[in-house]
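Student: I have a model open and want to learn how to read its features. Can we take them one at a time?

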Amino acid sequence: MNRQSDVDQRIVDRLNAELSLIAIPARVASRTAPKSGLRSAAFLTAALAVLVLMIGGFRTLREIPAPNDSPATQSQRTGPIARCSDGRPQAEIDFAGRMLWEPTANEISCVFNATVSGPGASRVYRLADGRFLGMYERVESLPVKPTVAPNATGSADVNGATWSWSILPGRGQTLLLQGSLAGAPVIDLSIELTDQAADLRLLRTIATSLHQVVVPSPKATLPASVGTPTLAAATEGSRRGPVSTAEIVARLNAAGVGSRISSPAPSRLLLFNATDEDLVTVDESAIKGFVVYRYPSVAAAASAFRLDAVQDPGRGTVSYVAKPYFVGIGDALVVFATNDEALARRVIAALVP
Amino acid sequence: VNVVTSPEPRSQPTTFDDEERYRRLFRALVAVGASREGAGDALQDAYEKALRRAEVPEHLEGWLFVVAQRQWRRHHLRQRLFRPLSAARGQASRPSESGVVLAEVRKLPIRQRQVFIARHVLGLSNAETARALGIADGTVSATNNHALRSLRTRLGGEQ
C-alpha cells in the first residue's frame with residue numbers, strides 16, 4: 001500500500017514538474033479589463049468578423065476630410081501606435097481597421113486589442129503606467145442602456161467643448177470621460193481610477209490629442225467597353241495592390257449585401273487562368289454563384305479580366321445559369337451570376353465603390 | 001475641470017491579483033488539454049465572468065477552473081466543428097507541450113482528468129473538488145483513485 005502511494009506521489013510530482021516547465025504568458029490585468037471583450041475567444045472574433053469588416057472595410061474606403069483644427073498638444077506622437085507584445089495578434093488588430101479618431105498622446109504605450117461591433121469600434125491601449133485605457137467610438141448616438149448610478153459626475157473642457165465624466169462603481173472604480181467632437185462620433189475614454197484629479201487630467205490630455213485618421217479613397221473607373229451583350233464587367237482601375245477576399249466580402253456587407261466566405265469546395269474548377277479561388281456565399285437567392293478568382297499579381301488579374309478565355313471559342317466556353325458579371329479588383333477577378341440587374345448593379349457598386 | 005470627490009471611495013479587493021493562483025489555473029488547463037493560447041484566453045474569459053458577478057464566487061479557484069475549462073472545451077469543440085477540411089488532413093491541432101505524465105493525463109476520460117487535476121495540480125481538497133464540479137465527495141475520491149490506477153498502470157514501467 002505504501003509503495004502504491006509512493007508511486008502515486010511520484011506521478012503527481014512528475015506531472016507538476018512537467019507543468020512547471022510550461023512558460024506562462026504575461027497575464028492580462030483582469031481587473032482593468034474593459035467590457036469590450038478583451039482577449040475574447042477566437043471563435044467570437046470569427047463570429048464578429050463580418051461586422052468588423054463591415055465597419056473596417058467601409059472606413060478604409062470612405063473619404064475622410066482633412067484633419068480638423070485639433071490643437072496639437074505638447075506630448076504627441078506621429079504614426080500609428082504599435083501593438084503591445086502581449087496583446088492580440090497584429091492580424092486581429094489590422095482586421096478591425098482604424099478608428100476614425102486616434103489618440104496621439106505619448107502617455108499611450110501600445111495597442112492591446114481592437115474590436116468593432118455594429119456602428120461602434122473600441123480599442124484597448126496600454127498606458128505608460130501599465131494601466132489599460134479603453135476607447136470606444138460610435139458613429140451614431142450612444143444606445144440607451146440600463147446602467148448603475150455613477151459615484152460621481154462632472155464636466156471637463158476638451159478643446160473648448162464640454163465633455164462629461166463619471167466615476168462608475170465596481171470592484172475597481174472606472175473613470176469615464178465622454179464627449180463628442182465636432183461632426184464626429186461619440187467617444188468614450190475609460191480608465192481604472194487611481195487618483196481622480198490626476199486621472200482626469202490624463203484623460204483630458206488623451207482626449208485633446210485625438211486626431212482624425214485620414215485614409216485616401218480609391219478612385220473607381222468603369223471600362224469604356226463592357227464586352228459582349230451577354231457580359232457585364234467593371235474594374236477598380238486605381239487598385240494597384242492585392243485585395244483579400246475578406247475585403248471583398250466586407251465591401252458587400254457594407255453595402256447591405258449579406259455575404260461570407262464559404263468553406264473550400266471539395267474540388268476546384270479554376271477558370272480564367274486563376275491560380276486559386278474562394279467561394280463566397282451571398283444571402284441573395286437571385287445570385288447564382290459568387291466566386292473570387294485569385295491571381296499571383298495584379299497584372300495577371302488584369303490580363304484575365306480581358307476575358308480572352310471566355311471570348312475565344314478555341315479555348316473553351318463557360319456557361320452560366322444566369323447572366324455573368326465580371327469585376328476586376330486588384331489581383332482578383334470576381335465573377336457572379338444573376339438575372340436580377342438591379343441587384344447586380346448593387347453588387348458592382350459595392351465592389352467598385 | 002469640475003472635480004467632485006467620490007462620496008465613498010471603495011477599497012480595491014486583491015482577490016483577483018493572486019499571480020500564483022493564476023499560474024496554477026493556467027497549468028491545470030494545459031494539463032486538461034488546452035494549448036497555451038487556449039488556456040490564456042479561457043482563463044481571461046473566466047476572470048471576466050467572475051468580475052461581472054455581483055459577488056466573488058465563494059470558492060474562487062474551483063469556480064475559475066470549472067468556468068475556464070468550460071470555455072476552453074466549448075471553444076475547442078467549435079474549432080473542431082468549423083475547421084476547414086484542408087486543415088483536418090494530418091494537421092490535427094495538438095498542444096505543443098510535451099511530457100510523459102502530461103501526455104498520459106490527457107488520455108484519461110474527461111471526468112477523471114478534471115478530478116485528478118483539481119486534486120493534484122490545483123491542490124483542492126476532495127470537498128472543494130466536489131463542490132466545484134458539482135459531484136459527491138465519494139465520487140471525487142473514487143474517480144481520483146481510478147485516475148491514479150490508470151496512470152500507475154500506464155506509467156508503471158517508468159516510475
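Student: Which residues form a positive surface patch?

Tutor: First, keep in mind that this is a predicted model. Lys and Arg count as positive. Here the patch consists of B:Lys49, B:Arg70, B:Arg74 and B:Arg78.

Student: Which helix of chain B gives the most to the positive patch?

Tutor: Helix α3, residues 60-82 of chain B, gives the most, with three residues. B:Arg74 has its place in that helix, α3 of chain B.

Student: Is B:Arg74 partly exposed or buried, and why?

Tutor: Buried means under 20% relative accessible area, exposed over 50%, and partly exposed in between. B:Arg74 has 38% relative accessibility, so B:Arg74 counts as partly exposed.

Student: Now the fold. How many helices and strands has chain B?

Tutor: Chain B has eight helices and zero strands. Along the sequence, the pattern reads α-α-α-α-α-α-α-α.

Student: What share of the residues in chain B is buried?

Tutor: The chain has 159 residues, and 44% of them are buried. As for surface, chain B exposes about 8400 Å².

Student: Next, salt bridges. How many are found over all chains?

Tutor: The idea is a side-chain nitrogen of Lys or Arg within 4 Å of a carboxyl oxygen of Asp or Glu. A search of the whole structure finds 15 salt bridges. One of them joins the side chains of A:Glu284 and A:Arg346, at 3.9 Å from N to O.

Student: Which parts of chain A does the pair A:Glu284 and A:Arg346 tie together?

Tutor: A:Glu284 lies in the loop between β12 (276-282) and β13 (287-294), and A:Arg346 in helix α9 (residues 341-351), so the pair ties together parts 62 residues apart in sequence. A:Glu284 is partly exposed, with a relative accessible area of 22%. A:Arg346 is partly exposed too, at 39%.

Student: What about A:Asp331: with which residue does it form a salt bridge?

Tutor: The partner is A:Arg294, with the closest N and O atoms 3.1 Å apart. A:Asp331 sits in the loop between β14 (324-329) and β15 (332-338) of chain A, and A:Arg294 in strand β13, so this pair ties together parts 37 residues apart in sequence.

Student: Are A:Asp331 and A:Arg294 buried or exposed?

Tutor: Both are buried.

Student: Back to chain B. How far apart are the closest N and O atoms of B:Glu20 and B:Arg23?

Tutor: They are 3.2 Å apart, and the two residues form a salt bridge. B:Glu20 and B:Arg23 are three residues apart in helix α1 (residues 19-32) of chain B, so about one helical turn separates them. B:Glu20 is partly exposed, with a relative accessible area of 38%. B:Arg23 also counts as partly exposed, at 32% relative accessibility.

Student: Which residues do salt bridges that share partners join into one network?

Tutor: A:Asp129, A:Arg131 and A:Asp199.

Student: Last, backbone angles. What is phi of A:Asn159 near?

Tutor: Phi is near 55° there, a positive value in a residue other than glycine. A:Asn159 has its place in the loop between β5 (152-158) and β6 (161-168) of chain A. At 35% relative accessibility, A:Asn159 counts as partly exposed.

Key: Residues are numbered from 1 along each chain as its sequence is written. Chains are lettered from A and ligands numbered from 1 in the order in which they are written. This is a predicted model: local features need pLDDT of at least 70, side-chain atom pairs count only at pLDDT 80 or more; totals for chains, interfaces and linings use all residues. Side-chain values use heavy atoms; hydrogens and water are left out. Patches are made of residues with over 30% relative accessible area and no salt bridge: like charges are joined within 9 Å, nonpolar side chains (Val, Leu, Ile, Met, Phe, Trp, Tyr) within 5 Å. Accessible areas come from the Shrake-Rupley method with a 1.4 Å probe; for residues, only the protein chains shown count as cover. The place of a charge is taken as NZ of Lys, CZ of Arg, CG of Asp or CD of Glu. Helices (H or I, at least four residues) and strands (E, at least two) are DSSP runs, numbered from the N terminus. Buried means under 20% relative accessible area, exposed over 50%, partly exposed in between (1.4 Å probe, protein chains only).
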